[in-house]
Structures are given as structure tokens and as C-alpha cells.
Amino acid sequence: MHFSIPSRSADQTTLPGSPSFKAKSRASSHRTSYAPSIFARLRSLIFHPTPPPHSSTAFEKKRRSTRRTTVSVLVIAFVAAAAVLLTIMYALFANFATMDPAGPHVVLVLGLDNTKYKDDYLAKIVENRQEYADAHGYGLYVRYISDFKNLVHDVTKKGWQKLPLMRSAMHENPGSTYFWYLDQNAIIMNPNLDIESHITDVKRLNSLVLRDVPVVPPDSTIRTYRHVPSDRMKFIISQDHEGFQTGSFILKNEEYSRYVLDAWFDKLYQEYKFEKDEKGALEHLAQWHPTVLSKMAVIPQRIFNAYPNGVGEAMYQDGDFVASLAGCDTPERSCVREFERLWDDRGRVVN
Amino acid sequence: MKDKDDLIFSPASRTSRMLNRIRRLPTRLRQVLLPRRVLVILLILLFWFLLFSESGVPFFPRLRWGSSKFVIILAVNQGGGVMQWKGPKEWAVERTSIANKKAYADRHGYHLAIQDMSIKKRYAHEWRESWEKVDVIRQTMKQYPKAEWFWWLDLHTYIMEPSISLEKQVFNRLDNNTYRTLADYNPLDLPVEIPFVDNTHQINLIVPQDCGGFNLGSFLIRRSEWTDFLLDIWWDPVFYEQRHMQWEHKEQDALEHMYSNQAWIRSGTAFIPQRLINSFPEGACSEQRGDKRIFYSQDDRDFVVNMAGCEWGRDCFGEMEHFQKLSASLQQKSRWWPFSK
């Protein structure tokens with residue numbers, strides 16, 4: 001049997017078989033005057049396309065190379081012009097106005113209760129905070145908590161009033177990053193410690209955060225997260241043997257904090273009559289809403305909320321940052337007396 | 001070594017014949033395709049457009065880029081036939097609604113997430129029943145990680161003007177189309193001002209108000225940190241325990257409560273006039289007959305009709321048929337008379 005080997009040149013691929021096609025190709029190669037119809041042209045495109053002629057004279061080669069150089073020059077020029085134009089537009093129109101307003105990096109928040117305490121007592125507390133804030137360039141936001149009594153559901157439960165107080169502090173200081181709420185009945189005993197290196201610096205916070213501890217001691221099912229990195233923590237608080245201690249906590253000025261403060265302060269939580277008031281509400285929030293708990297950092301109590309008459313790990317020792325007189329407004333104790341005992345022992349700023 | 005030119009005689013075995021054919025394939029392809037470059041390019045372009053086009057060719061496989069930033073969430077199968085039998089009329093209404101949304105989504109390149117809202121065991125009474133919307137939104141946000149805006153539509157809605165895109169209707173002039181405070185229109189009589197609200201905050205939730213309050217039959221929600229917080233706090237056992245007997249509309253009332261009490265929610269919420277995305281038919285809000293802010297108007301060619309509450313006392317099937325025919329006739333009219341109303 002005879003096999004025909006197809007020619008390997010790309011110019012003349014022929015398909016065996018159709019006689020009319022052969023006639024057509026002969027016709028087109030002789031360049032007769034008959035103009036092919038659309039169907040003929042389509043058929044020829046599918047079955048027998050004519051390859052483009054190769055131009056290989058020296059003149060055409062040079063024309064091709066100059067054209068190529070022109071094209072590449074044009075492309076480079078266009079790209080350069082675009083780059084220059086875009087930089088100018090960015091410089092002119094980039095919105096520098098949205099840069100954050102300035103403010104102290106940390107703001108101390110203090111709420112004074114002038115219905116139960118005398119002015120000279122309150123003045124000493126303000127002096128204590130002011131000394132600390134001045135030494136480190138922090139801001140101090142002081143309000144009477146009676147300013148917020150219209151917002152709370154039950155005026156006798158003083159604990160709730162710290163929430164609109166914090167919210168107001170954050171609202172009025174948009175340029176500040178950290179807000180540290182410290183109860184009125186507490187003394188900064190060691191004002192030489194600054195907040196960043198003592199608590200909020202990322203590495204320091206990472207070493208302080210208690211992971212996998214029950215949200216409600218001793219053994220609630222929900223525990224703090226194990227793997228959330230400390231740079232995502234926006235709410236720093238401590239626990240005592242009963243649960244969260246809201247006498248001293250730090251919030252970062254972000255969407256999260258506004259959400260937590262507003263949700264925590266909701267009317268329905270205030271009306272629910274939690275056993276521990278706002279502490280109970282916070283524990284409820286932390287257990288039921290992972291968006292709250294995932295950004296909470298629980299740190300050891302002695303870091304910023306030690307108890308002078310506490311036991312074990314909670315007990316205040318010399319050199320600790322803050323001595324907290326939490327719970328001193330019960331009949332068995334006296335805030336003023338305990339305060340006087342500690343006031344003279346407090347550390348002063350060393351320059 | 002055997003060269004290709006040596007294949008004058010076909011080798012004896014079938015395998016080696018096949019192997020030879022395979023070896024010659026690249027050469028053959030080159031020989032056939034290269035002279036027909038124009039045709040090949042045209043064919044490739046044709047296939048490209050067929051594969052990736054928005055409207056698509058029937059029976060031809062289609063790939064979506066999936067980069068659309070809008071997702072339409074259509075809630076179907078409400079109840080799942082558990083509490084009430086689902087008859088042929090209910091099925092017809094569902095089919096019409098789904099077809100309408102599908103055509104719209106295809107036309108504008110939006111995603112369409114059809115979510116099943118049947119009563120599940122975990123939604124037995126006393127446990128988040130009717131808060132499924134929140135869980136469904138969260139789920140859909142996970143399914144479409146690149147999308148930005150999610151448009152929730154109840155089943156008994158009909159898009160009357162499919163030529164209008166969401167960008168044109170809402171987003172191109174978002175600040176003009178929405179209002180941030182209740183100063184002008186406050187049907188629920190909620191407190192107009194509460195402290196600490198930030199009106200320059202980014203809008204993350206666009207909600208229409210009807211005669212009775214917020215209407216969550218057709219609303220828009222954006223993917224953001226604020227939205228994550230909202231979807232988490234929306235259901236809370238303490239809120240539920242104290243209020244679920246009073247909250248007839250469940251998650252709608254919960255949102256109204258949070259809007260009245262929590263400033264951060266106000267900061268991120270904007271209202272949209274009802275007739276932009278949620279017109280009512282004559283039967284809904286019937287006490288406010290004639291109120292120009294609520295009812296669908298044929299002359300104004302409103303965008304979407306929400307036949308809210310048609311399953312209580314009205315005829316969902318009849319209304320759906322009516323609006324379907326009306327929409328078809330309006331589209332036909334505008335095709336022949338593009339300059340007339």
C-alpha cells in the first residue's frame with residue numbers, strides 16, 4: 001500500500017480530497033479578476049488559508065526594527081508619564097485631613113461621688129491622680145458620677161455609672177489610645193511605673209495575660225482564650241476570687257470598646273438585677289458573646305488592683321502599683337480610715 | 001532512534017500505531033492551526049465570552065469570576081412546611097420569587113444565595129426562634145468572603161424594575177439616599193437623640209422604616225467589624241428572657257431596642273426611604289392608606305415590592321401574580337417606548 005507523507009512545510013498544508021478547493025487555489029494563485037464571495041472567503045479561511053508574505057528585504061528589515069524601537073520608546077514614555085501623574089495626584093489628593101487628632105496617649109478616668117464623701121477626701125484623690133498623670137504626660141478626665149444619674153436605671157447601684165463615664169471620656173478624647181478607669185477608692189502607690197511598660201506594651205501584656213482561666217471562678221465552663229495574640233487585646237481587666245473586678249480596667253479607643261460599653265450598659269442588663277450588678281453583667285457578656293471575650297485580657301490582680309487586706313495573690317505588697325479599697329463602702333469598713341493609713345505610705349514621683 | 005520521517009510503513013502492533021499517532025499530534029496540531037490563526041483566535045474569544053459572560057448561554061458551562069461585591073440573600077422555604085402545609089400556590093409563589101431574583105442577579109453579575117429558612121430543631125420555641133435571620137447572614141458572609149454588601153430579601157418580594165442596578169438605586173449616592181437620624185420620620189416614636197452617637201461613622205446597615213417600625217424584609221448589611229459585633233449581640237438570653245413575649249417581630253424588635261439604647265448601633269445604621277427598596281402593596285400598612293412614603297407606585301416605577309404580611313389574611317399567590325404581570329407589562333412598554341414613562 002502506498003502512504004503519502006504530509007509535507008512538513010507550514011506554507012503548503014494541503015488536505016487531500018476536495019477538487020473544487022484545488023481549483024480555487026489555482027485560481028487565487030493566478031490572481032484572476034474574479035472576486036470571491038463571502039462564503040468562498042470563509043471556506044477558504046477554514047480550509048486553506050494563505051499565509052502572510054514574508055518581507056525579507058533589507059529596507060523592510062530596518063523599517064521593522066525602527067518601528068519596534070519607536071514602539072518601545074512610546075511605551076516607556078507612557079508608563080513614565082503615568083507614574084509621574086499618579087504620584088502628583090496622590091500627593092495632592094491623598095486625604096491628610098483624616099489623620100487622627102492629637103491627644104495624650106493615655107487618659108486616666110476618675111469618677112467622684114460627692115454625695116457620700118467629703119470634698120477634702122476627694123481632693124486628695126484627685127491630687128494623687130494628677131501627680132501621676134503629670135509625671136508621665138497622661139491626661140486626666142474627672143467627672144462627678146452624679147452627672148450620669150439620669151442615664152442609669154437604678155441610681156443606688158453606683159457601679160453602673162462608671163460605664164457612661166468611660167464612654168464620655170472616650171467620646172471627648174478621640175485622639176487618645178488608652179483609657180484607664182480607676183475607682184475613686186484606690187490609691188496609686190507607686191507612681192514611678194508607667195502604663196506602657198507595666199501593662200500595655202505588647203510583649204509585657206503577652207507575659208501577663210492569663211490564658212485558659214475560668215471567666216467566673218472557680219470553675220465556669222467558659223474560659224479565656226488560649227491563642228489570641230496580645231496585640232489584639234483591647235480590654236484589660238483583672239479578676240479576684242469572686243469574678244471580674246471592674247474597679248480598675250483599661251480600654252483601647254476603638255469600635256470594640258464603644259460596642260462593649262454600650263452593650264454592657266444596656267437597659268435590659270441594668271433591669272435584670274444581676275447579683276453582682278455591672279460585674280455580673282460583664283461576666284454574662286463575656287460568656288455569651290465571643291466577640292467580647294476574644295479581645296479581653298485578664299491579668300493578675302496585683303498588677304493594677306491589689307487589695308491591702310487581701311489574701312494570697314491579691315494581697316498588696318510594697319512597690320505594687322495600685323492599692324484598691326474595693327468594697328470599703330460597707331458598714332463594717334471605713335473608706336476614709338483605710339485611706340488615711342495608706343495615704344502617708346504612698347510612693348512619690350522620683351525625678 | 002526512530003525518526004518521525006521513518007514512519008512509511010505502519011508498524012505491526014496497535015499500541016505502537018497509537019503511540020506513533022500521539023507522537024505526531026503536536027506537529028499535526030501546529031500544521032492545522034497555525035495557518036488558520038485568525039479563526040483560532042476568534043474561536044478562543046467566542047469560548048471565553050461564553051464561559052465568562054453574565055447572561056450565559058443555556059446548557060453551556062459558565063465560570064463566574066466571583067468578584068461581585070454584592071450578594072442577594074433570598075430567604076425561601078419559610079417554615080419548611082412544618083407548621084403549615086405547603087400547597088401548590090405556595091410552591092408557585094416560591095418559584096416566581098426565585099426566578100425573579102435569579103434573573104436580576106444574572107443580569108447585574110451579583111451573587112444569589114438562596115437560603116433555607118425551614119424550622120430546625122435548634123430553633124424550637126424559647127431558643128432563638130425567629131432569630132435565624134442573624135445566623136443565616138453570618139453563614140452567608142462566610143460563604144462569600146470577597147463580597148462587601150449583602151441584600152436580604154424575604155420570599156414575598158418582587159423586583160419590579162430589573163434594569164436598575166443596586167449601585168444606581170442606592171450606592172452611587174449613598175449619603176443622599178439615606179438619612180441618619182429619626183428627626184424627620186419616626187413612626188415608632190423612638191428617642192431622637194441619645195448621647196455619644198457619631199454621625200460620621202461608616203454606614204454598615206441600611207434599613208427601611210415602614211408604618212410600624214424597622215422593616216427587615218429588604219435591607220442591606222455590609223461586611224465589617226461593626227457588623228460582626230451586631231450579629232453577635234443581636235440575640236442575648238437576658239434580652240430574650242425579659243422581652244420575647246412583647247417582641248412580636250423578634251429580631252426586628254430586638255434591633256429597635258438596641259437602636260434606642262446603644263449609641264454605637266446608631267452610629268453605624270442609616271435609614272433608607274421605604275420606597276427605594278421596600279415598597280408595600282395596598283394591603284400592607286392598610287391604616288396609612290394614601291401615605292406617599294409607603295406604597296408602591298406604578299407611575300414612579302418603584303424598584304422592589306415587598307408583599308409583607310400577605311400570609312396573614314391576604315392572598316400571596318394573587319398578589320405575586322399581579323406584580324409579576326405588572327412588571328412584565330412595564331418592561332415591555334419601556335422597551336418599545338424608551339422615552340415615555
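The following legends describe close-up views of a predicted model.

**Figure 1. Chain A as a whole.** The secondary structure of chain A consists of 12 helices and eight strands. Chain A has 351 residues, and 41% of them count as buried. Among contacts between residues at least 6 apart in the sequence of chain A, 68% join residues at least 24 apart.

**Figure 2. Confidence along chain A.** Chain A has a mean pLDDT of 83, and 82% of its residues reach 70 or more. Over residues 16-29 of chain A, the pLDDT is below 50, and the model gives this stretch seven contacts beyond near neighbours in sequence. In residues 6-14 of chain A the pLDDT likewise stays under 50. For residues 6-14, the model has eight contacts beyond four places in sequence. Where pLDDT is low, the predicted coordinates should not be read in detail.

Figure 3. Rolling a probe the size of a water molecule over the atoms shows where empty space is left. The count comes to one cavity of 30 Å³ or more. The volume of the largest cavity is about 40 Å³. Its lining includes A:Val209, A:Leu210, A:Thr224, A:Tyr225 and A:Val228. Also among the lining residues of the largest cavity are A:Met233, A:Leu293, A:Ser294 and A:Met296. By class, seven residues of this lining are nonpolar and two are polar, while no charged residue takes part.

**Figure 4. The loop between α7 and β5 of chain A.** Most residues other than glycine have a negative phi, and most peptide bonds are trans. A:Pro217 and A:Pro218 are joined by a cis peptide bond, with omega at about 5 degrees. A:Pro218 lies in the loop that runs between α7 (202-208) and β5 (235-239) of chain A. A:Asp212 is also found in the loop between α7 and β5. Although A:Asp212 is not a glycine, its phi is positive, at about 60 degrees. A:Asp212 counts as partly exposed because its relative accessibility is 33%, a value between the limits of 20% and 50%.

**Figure 5. A:Lys273 between two helices.** A:Lys273 is placed in the loop between α9 (267-271) and α10 (277-288) of chain A. Phi of A:Lys273 is positive, near 60 degrees, in a residue other than glycine. The relative accessible area of A:Lys273 is 63%, so this residue is exposed, the cut-off being over 50%.

**Figure 6. Surroundings of B:Leu166.** B:Leu166 belongs to helix α5 (residues 166-171) of chain B. With a relative accessible area of 1%, B:Leu166 is buried. Leaving aside residues up to four places away in sequence, B:Leu166 touches B:Phe70, B:Tyr104, B:Tyr110, B:Trp151, B:Phe171 and B:Phe303. Between B:Leu166 and B:Met307 there are 20 Å from C-alpha to C-alpha, and the two are 141 residues apart in sequence.

**Figure 7. Helix α9 of chain B.** Helix α9 of chain B spans residues 251-261. Because 10 of its 11 residues are buried, helix α9 of chain B is largely enclosed by the rest of the structure. The buried residues of α9(B) include B:Glu251, B:Gln252, B:Asp253, B:Ala254 and B:Leu255. Also buried in α9(B) are B:Glu256, B:His257, B:Met258, B:Tyr259 and B:Ser260.

Key. Residues numbered from 1 in each chain as written. Chains lettered and ligands numbered in written order. Predicted model: local features only at pLDDT ≥ 70, side-chain atom pairs only at ≥ 80, totals over all residues. Heavy atoms only, no water. 1 Å grid on protein atoms, 1.4 Å probe; cavity = no way out; pocket = protein on both sides within 12 Å on 5 of 7 lines; lining within 4 Å. Points joined across faces, edges and corners; volume = space filled by probe spheres on them. Nonpolar A, V, L, I, M, F, W, Y, C, P; charged D, E, K, R; others polar. Helix = DSSP H or I, 4+ residues; strand = E, 2+ residues; numbered from the N terminus. Buried < 20%, exposed > 50% of the residue type's maximum accessible area, 1.4 Å probe, protein only. Contact = heavy atoms within 4.5 Å. pLDDT = per-residue confidence, 0-100.
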